[in-house]
Amino acid sequence: MPISEVAKRSGVAASALRYYESMGLILSSRQGSTRRYYPRSTLRRVAFIIFAQKIGYTLEDIGRQLAALPTDTLPTNKDWRALSRDWKRHVTQRIEELQRLNMDLDHCIGCGCLSLKHCKLANPDDFVGRGGPGARRWLGAPYPGPDTGK
């Protein structure tokens with residue numbers, strides 16, 4: 001299929017398809033000219049790329065995953081099951097991160113002070129800061145709730 005057909009059927013711009021190709025995520029062939037032609041299986045790979053990005057994978061992560069799949073045929077059910085196990089773990093981690101963020105939004109923005117370092121409710125005595133620099137709560141530091149005192 002020419003690049004224009006893949007773009008039309010996948011909903012992905014031709015420039016993005018060329019970028020994916022430059023990263024080795026999809027492959028094309030050239031038949032006597034500079035026009036790119038893609039196998040039909042490219043549509044499945046592009047759908048895979050789009051979905052993987054939506055759940056938070058980087059293009060580099062996606063490249064590693066696609067390297068385990070055939071390039072000239074459709075992946076088998078066994079191939080998809082192997083990938084889906086990793087995706088489920090990744091989605092679970094993302095859900096946990098978003099739940100922590102959701103909890104933190106209530107605590108850090110609720111009063112309007114916007115100061116996690118000095119907040120007496122969400123971070124008494126800078127408890128979280130003792131764990132080191134950076135976004136400690138986002139990285140999974142425990143919530144210093146009323147039971148902990150500090």
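Colleague: Which residues are buried in α3?

Modeller: S41, T42, L43, R45, V46, F48, I49 and A52 in α3 are buried. Buried means under 20% relative accessible area, exposed over 50%, and partly exposed in between, with a 1.4 Å probe and protein chains only. Helices (H or I, at least four residues) and strands (E, at least two) are DSSP runs, numbered from the N terminus.

Colleague: What kind of model is this?

Modeller: This is a predicted model, in which local features need pLDDT of at least 70 and side-chain atom pairs count only at pLDDT 80 or more, while totals for chains, interfaces and linings use all residues. Residues are numbered from 1 along each chain as its sequence is written, and side-chain values use heavy atoms, with hydrogens and water left out.

Colleague: How far apart are the end C-alpha atoms of α3, and what should its residues span?

Modeller: The end C-alpha atoms of α3 are 20 Å apart, which agrees with the 20 Å that its 14 residues should span at 1.5 Å a residue. The expected span of a helix is 1.5 Å times one less than its number of residues.

Colleague: What follows α3?

Modeller: G56 follows α3, and its phi is positive, near 105°.

Colleague: Changing topic to the core. Which members of the largest nonpolar core touch the most other members?

Modeller: L17, Y20, L25, I26, I49, I62 and L66 do, in a core of 23 residues. At least two core residues come from each of α1 (3-10), α2, α3 (41-54), α4 (59-66) and α5 (77-109). The helix that gives the most is α3, with five residues. A nonpolar core is a set of buried Ala, Val, Leu, Ile, Met, Phe, Trp, Tyr and Cys residues joined through side-chain atoms within 4.5 Å.

Colleague: And L25, what is it in contact with?

Modeller: Leaving aside neighbours within four places in sequence, L25 is in contact with Y20, R45, I49, L59, I62, G63 and L66. Contact means heavy atoms within 4.5 Å.

Colleague: Rings next. How many aromatic pairs are there?

Modeller: The count comes to four aromatic pairs. Rings of Phe, Tyr and Trp (its six-membered ring) pair if their centres lie within 6.5 Å; planes under 30 degrees apart count as stacked, over 60 as edge-to-face and the rest as tilted.

Colleague: Why is the F48 and W80 pair tilted?

Modeller: The planes of F48 and W80 are at 35°, with the ring centres 5.5 Å apart, so the pair is tilted. F48 is in helix α3 and W80 in helix α5, 32 residues apart, and the pair links these distant parts of the chain.

Colleague: Are those two buried or exposed?

Modeller: F48 counts as buried, at 5% relative accessibility. W80 is partly exposed, with a relative accessible area of 22%.

Colleague: What about Y57 and W87?

Modeller: Y57 and W87 form a tilted aromatic pair, 6.0 Å centre to centre and 40° between the planes. Y57 is in the loop between α3 and α4 and W87 in helix α5, 30 residues apart, so to say distant parts of the chain that the pair links. Both Y57 and W87 are buried.

Colleague: Which residues do ring pairs link into a cluster?

Modeller: F48, F51, Y57, W80 and W87.

Colleague: How many salt bridges does the structure hold?

Modeller: Three. A salt bridge is a side-chain nitrogen of Lys or Arg within 4 Å of a carboxyl oxygen of Asp or Glu. R36 forms one with E21, where the closest N and O atoms are 2.8 Å apart. R36 in strand β2 (residues 36-37) and E21 in helix α2 are 15 residues apart, and the pair links distant parts of the chain.

Colleague: Is E21 buried or exposed, and what does it touch?

Modeller: E21 is buried, at a relative accessible area of 18%. Not counting residues up to four places away in sequence, E21 touches I26, S28, R36 and Y38.

Colleague: Where are D61 and R64?

Modeller: D61 and R64 are three residues apart in helix α4, about one helical turn. They form a salt bridge, with the closest N and O atoms 2.5 Å apart. D61 counts as partly exposed at 23% relative accessibility, and R64 as exposed at 57%.

Colleague: And what does D86 form a salt bridge with?

Modeller: R89, with the closest N and O atoms 3.6 Å apart. Both D86 and R89 lie in helix α5, three residues apart, about one turn of the helix. D86 is partly exposed, at 29% relative accessible area, while R89 counts as exposed at 52%.
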